Amino acid sequence: MLLPFYLVYLILVFLCVAGCEKLIMLRYMLSRIAGLVGVLFIVSVISFALMHSVPGGPFDARALEKQQMVPENIKRQLNEKYGLNAPVWKQYALFVRNAVFLDFGYSMAYPNRTVVGILKEQWSYSLQLGLLTLLFSTAVGVGLGIASAVRPNSIFDYLGTGVSILCLVMPSFVFAILLQVVFSVWLGWLPTGGWSSPRHFIMPVLANSLGAILVLQRYTRASMRDTMKANYVRTARAKGLSKNRIMFIHVFKNALTPLLTVGGPLAAGLIVGSFFVESIFRIPGIGFYFVSAIGSRDYPMIMATTLVWTLIISLAYLITDLLYALVDPRVTLVRED
Amino acid sequence: MPEPLLETIELTKSFNIRHNFFGAKKTTNIAVDRVNLSIVEGETLGLVGESGCGKSVLALTIMRLHEPNGGRIRFAGKEITNLEEQALRSVRRQMQMVFQDPLASLDARLTVEQIISEPLEIHNIGTKTERGNEVARLLERVGLSAHDRYRFPGEFSGGQQQRIGIARALALRPKLLICDEPVSALDVSVQAQILNLLRDLQHEFALSYLFISHNIAVTAFMSQHIAVMYLGRIVEIGNSQQITSAPQHPYTQALLAAIPEPNPSQRNKDLVVKGDIEEITEFPTGCGFLHRCPIAQEICAHEEPQLLSIDGSHEVACHFAWKKELNPRIARSCIQIKF
Amino acid sequence: MRLFWRRFCRNKLALIAFWFIIAEVIVAVAAPYIAPYDPYKGDFLATWETPNRLHWLGTDDLGRDVLSRLLYGARISISVGILSQVAIATVGVPIGALSGLKGGWLDYGIMRVIDVLSSLPTILLYILLMVALGAGFWNLILAMTLTGWIGVARLVRGQVLSLKKADFIRASRAMGGGTRYIIKKHILSNVMTPVIVSIAIGIPGAMFAEAGLSFLGLGIPAPRASWGQMIGIYQVYIRTAWHLTVFPSIVLALTMLAWFLFADGIRDAVDTNSNVSIVD
């Protein structure tokens, strides 16, 4: 569980060192990192406040769901175990202190397991799903985008636009349901859920990649078009480089590099935003547990997952921004309000 | 001499620049520094200077779109420096403005008809049909077709947009038209058309112009009198003939020398002004042109030169205007400007 | 206005979408009259029925007619979509306008708040808010408003700021236009057009959010019918009762498609400056 954190830490240190050549760069990086900490702080406060604003404490709420009454002495014991007797601010301070050491307490839905324990076991599934989705959507999205740009107004172009409209309009869970119904129930070709064999991968990855394909296709198409119109491309052709191969190398390299900057937040979003797909296809990843935590009002779980997700997304944006700053120093200029 | 239509007396406008991010440093930028101008009815006063010297701010301050920080403005004999909005409205009818960026000065979401009839609407002139007819008349007068009133500004070229702006400015039949770099954003060939249009309109509608430009050749073409502005101060003023044939201030001379000369053997490379215009936050104690002046001396750093009359209405603010001889090559290139 | 309509009609797809939406709204409003069965009353003798002659789209686990529930679900989707956007505009526009006009500390403060709130992922905010508030129609609208006003406020503020510097505003003042006149004639139309476009695009987004949240059990609670909720509840029964999830899915997808195309058409029709085609 801690390995990726060390990796991220190393990346950050590397970037800081690389950027240290210019003081402005360093200041920019530090301010962004400070921003990250600030966001985490605020998210934790908000989620903490929200969880504790539910009247009657978490156990009453959960009991209400199950339409049971919680006996007084059991409530007392539970309150003890989860430290709910202390005043709110003290609880929060405790929470923060523990959070820094990645100790989020015990899950309420699975009282014998710690939250961190659950996350540790399940996150690899989410990671696999996310990576596969990333690969697939990159292949499809970028491919369609290139095809659209290279052969405008052709079948490929309309196909690409059609696909992107589909991705825009169709919610991922609706698509997932439809896939399930068609391919599992009616045709019986694919299993309805689980994650044990490659056949299990197909539908979840498809359903999960909608948003990513949309973004990548549009971006690639626009970027390619812009690059192809650029003057240096025309110069290359004028020079006699009419061989498509050579041109493609030029054009591709320049058009596709900006994609890397989109890729960071995209990847993070994929890992994070897959809870619909995981729920529908019963993939035991973080998203799935998050959804069930919501359903069972498992507050420690909800809070921990929220923080982890915010951290992942913010880190992705941060690293992307820092990379950008290294490449294009203009970004570091302070914005004039 | 008849009472001037517009007169500014020691007009001053300054801006406070606050620094964000808790740096409560307040610096003052004096954009217009004690400017004295006067425009007689039916005539054109040209105002020349580089971008950033404060010409536009001066124009806006005269129109009371900025509040003056010092000095007075008189229009048609009345003090308008501190007039309230209500009283100012009737004055506004007589003083209109044409802006530099033609498209920005028109509300892109309104039709041309709505744009040109706006002043009529504000002052409740005429019925809707009458306004429509007036719009058609104005459009024809500025060289567009009456049918254009149903179109949107975005559908026109820059020159045509500026014509629309002029038509709008004329709707109220003003006495004074302040043209703030009206042709600077246009192609050269279109510039000529617009300038000629402005001259024709001046005769037909008995207008007075305050013509602002950074191009001294264009200004000389349009104006009877010229004022040269640098860093918020008037450094030289006189009638066009005096300014173009016998410029006294080094800056004016440089402006004239910068006019492209087609004949290579007559090109004058002597007078070069160094650098770009700077944004001054602490106003110079001496002459504002100090850092770029080719003939600056010790005294220029300490004492601010005042506008002194050399020859009748020709005034210069330079310590060496009296003493210096006119560079003969400058004299030659000046006389080349014939209209 | 007429001009806007003409431009809008040039876009065939948007026009089709528009009529589809009109039809849907009419159906939704008329649901109590045209629904064949009461969506809340279940016929316990006819549970889990697949589509047949009596129940065109089948029945659910309590014997409620799916078609009727879909019709009522339309009311939920559309009203959530429209109400939330109206609320967002009502909150966001004044804040943005005030921030832009006044400037200074007020503007600075509001911008910081907006920056912070917008750096938090929206889905998470929705989920957290709905967990805290509890599921329900008005809670949902509240949650959406709390997170959504930011976009509109930022948009309006940007518009106001650029308008403040615009020459045509100066020109209007130079002609003697008073503040109220300028606001009415210039500022409102220039500000409201992007806001209207933003609302139009926001409606399908809101529908999506409602469907997603209801799917998770956090949006509209049973027994009220919401498409997302139906998909969520019956998702586990997909093998035996596919009709309970497929039909809501189809209707949801079609509705969102229609709204997106419609919003796109509005955006293109409103822009008097450019001639952009939809396929871009």
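## Chain B and its secondary structure

Chain B of this predicted model has 11 helices and 12 strands, where helices (H or I, at least four residues) and strands (E, at least two) are DSSP runs numbered from the N terminus. Residues are numbered from 1 along each chain as its sequence is written, while chains are lettered from A and ligands numbered from 1 in the order in which they are written. Because the model is predicted, local features need pLDDT of at least 70 and side-chain atom pairs count only at pLDDT 80 or more, whereas totals for chains, interfaces and linings use all residues.

Of the 339 residues of chain B, 42% count as buried; a residue is buried if 20 or more other C-beta atoms lie within 10 Å of its own, exposed if 12 or fewer, and partly exposed in between, with C-beta atoms placed from the backbone. Two residues are in contact if their C-beta atoms, placed from the backbone, lie within 7 Å, and among the contacts in chain B with a separation of 6 or more, 66% come from residues 24 or more positions apart.

## Strand β7 of chain B

Strand β7 (residues 176-180) of chain B is largely enclosed by the rest of the structure, because five of its five residues are buried. B:L176, B:I178 and B:D180 point one way from the strand, B:L177 and B:C179 point the other way, and all are buried.

Two strands pair if DSSP finds at least two bridges between them. Strand β6 (residues 95-98) of chain B runs parallel to β7(B) and is joined to it by four bridges, with B:L177 of β7(B) as the bridge partner of B:Q96. Five bridges join β7(B) to strand β8 (residues 208-213) of chain B, again in parallel, and there B:L177 has B:Y209 as its bridge partner. Between β7(B) and β8(B) the chain passes through helix α6 (residues 188-205) of chain B, and this β-α-β crossover is right-handed, which means that, with the strands pointing away from the viewer, the path from the first strand over the helix to the second runs clockwise.

## Nonpolar cores

A nonpolar core is a set of buried Ala, Val, Leu, Ile, Met, Phe, Trp, Tyr and Cys residues joined through C-beta atoms within 7 Å. The largest one has 141 residues, of which A:A176, A:I294 and C:M130 touch the most other members. Helix α11 (residues 243-270) of chain C gives the most to this core, with 14 residues. Leaving out residues up to four places away in sequence, A:I294 touches A:I302, C:I127, C:V131, C:L216 and C:L218. Apart from this core lies another, of 86 residues, which includes B:L106, B:I164, B:A171 and B:C287.

## Where chain A meets chain C

In the contact between these chains, 34 residues of chain A meet 33 residues of chain C. Among the elements that give two or more residues to the side of chain A are α2 (23-53), α14 (286-295) and α15 (299-327) of chain A, and α2(A) gives the most, with eight residues. By class, this side has 24 nonpolar, nine polar and one charged residues, where Ala, Val, Leu, Ile, Met, Phe, Trp, Tyr, Cys and Pro count as nonpolar, Asp, Glu, Lys and Arg as charged, and the others, Gly among them, as polar.

## A bent helix in chain C

Helix α9 (residues 179-216) of chain C bends by about 40° at C:I187, the bend being the angle between axes fitted to the seven residues ending there and the seven starting there. Just after α9(C), C:G217 takes a positive phi of about 90°.
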